Amino acid sequence: MLEPEVSSILSLDKTDKSSYNWRVVMRLNRKRPNMQEHPLTAQRQLVLKLIRDARGHIDAKELYRRASSKNESISPATVYRSLSLFKQLGLVDERRLGKMRCYYEIKQTPEHQHLVCQGCGKVIEFESPLIRKLVDKVQREHGFNVTKAELYLEGYCEQCKEKTG
């Protein structure tokens, strides 16, 4: 059973389209053999909560800034180690978007793609059935089992497009 604080951190609004089914977080159960060396500390709970609260994409630098404002004892190394553990457990996705910065987001079940603004760095999610069709076609034609497909498009958002003329 998860600690009560963890359950409250991870409970999400079921009407929120970006919500992730947090039953996956049962992997954090301390009784599981692979978690005995990785307890869910208060600092890890904070990092996970901040990622969830971001409701989108957040980079490690911003995550550290937010975490250290709530808990002065947290270090950048703790944030990076927590992100690594969460990726290993399948709780978060790491995306390299734009200028080689890594962004983190709560792992979501539906596949989605990203638009990255070259002006302000804003990341916009979108879904397209064309991507699924392309993956299916590639799998059929090449006998290849695709396990992950990522797409991001760079350009300018509405606000930056207006500024650049």
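Which residues in helix 3 meet which residues in helix 4?

Modeller: Keep in mind that this is a predicted model. From helix 3, the residues are Ala-60, Leu-63 and Tyr-64. From helix 4, they are Pro-76, Val-79, Tyr-80 and Leu-83. Sort the residues of this contact by type, and you get 7 nonpolar, no polar and no charged.

Now place the two helices. Helix 3 covers residues 60-70, and helix 4 covers residues 76-88. Their axes lie 10 Å apart and form an angle of about 120°. Angles of 65 to 115 degrees count as roughly perpendicular, and those over 145 as roughly antiparallel. The crossing of helix 3 with helix 4 is right-handed.

Helix 3 has another partner, helix 2. Here the angle is about 125°, and the axes are 10 Å apart. Helix 2 is therefore oblique to helix 3. This crossing, too, is right-handed. On the helix 2 side, the residues are Leu-46, Val-47, Leu-50, Ile-51 and Ala-54. On the helix 3 side, they are Leu-63, Arg-66, Ala-67 and Lys-70. By type, this contact has 7 nonpolar, no polar and 2 charged residues. Leu-63 takes part in the contact with helix 2 and also in the contact with helix 4.

Next, pick out Arg-66. This residue is part of helix 3. Its relative accessibility is 30%, so Arg-66 counts as partly exposed. Set aside residues up to four places away in sequence, and Arg-66 touches Leu-50, Ala-54 and Ile-58. Val-47 is 19 residues from Arg-66 along the chain, and their C-alpha atoms are 8.9 Å apart.

Now step back along the chain to His-57. This residue sits in the loop between helix 2 (42-54) and strand 1 (58-59). His-57 has 17% relative accessibility, so it counts as buried. Its side chain makes a polar contact of 2.8 Å with the side chain of His-114. Leave out residues up to four places away in sequence, and His-57 touches Leu-97, Tyr-103, Tyr-104, Glu-105, His-112, His-114, Val-123 and Glu-125.

One of the residues touched by His-57 is Glu-125, and Gln-113 is also in contact with Glu-125. Gln-113 belongs to strand 4, residues 113-117. With a relative accessible area of 2%, Gln-113 is buried. Its side chain reaches the backbone nitrogen of Ser-128 at 3.5 Å. Beyond its neighbours within four places in sequence, its contacts include Ile-124, Phe-126, Ile-131 and Leu-151.

The chain has 6 helices and 6 strands. From the N terminus on, their order is α-α-β-α-α-β-β-β-β-α-β-α. Of the 165 residues, 36% are buried. Take the contacts with a separation of 6 or more: 52% of them join residues 24 or more positions apart.

Notes. Residues numbered from 1 in each chain as written. Predicted model: local features only at pLDDT ≥ 70, side-chain atom pairs only at ≥ 80, totals over all residues. Heavy atoms only, no water. Helix = DSSP H or I, 4+ residues; strand = E, 2+ residues; numbered from the N terminus. Buried < 20%, exposed > 50% of the residue type's maximum accessible area, 1.4 Å probe, protein only. Polar contact = N/O pair within 3.5 Å; in protein donor to acceptor, adjacent residues only side chain to side chain. Contact = heavy atoms within 4.5 Å. Axes fitted to C-alpha atoms, helices over the stretch in contact; angles between N-to-C directions. Left-handed = near helix turned anticlockwise from the far one by under 90°. Nonpolar A, V, L, I, M, F, W, Y, C, P; charged D, E, K, R; others polar. Parallel < 35°, antiparallel > 145°, perpendicular 65-115°, else oblique.
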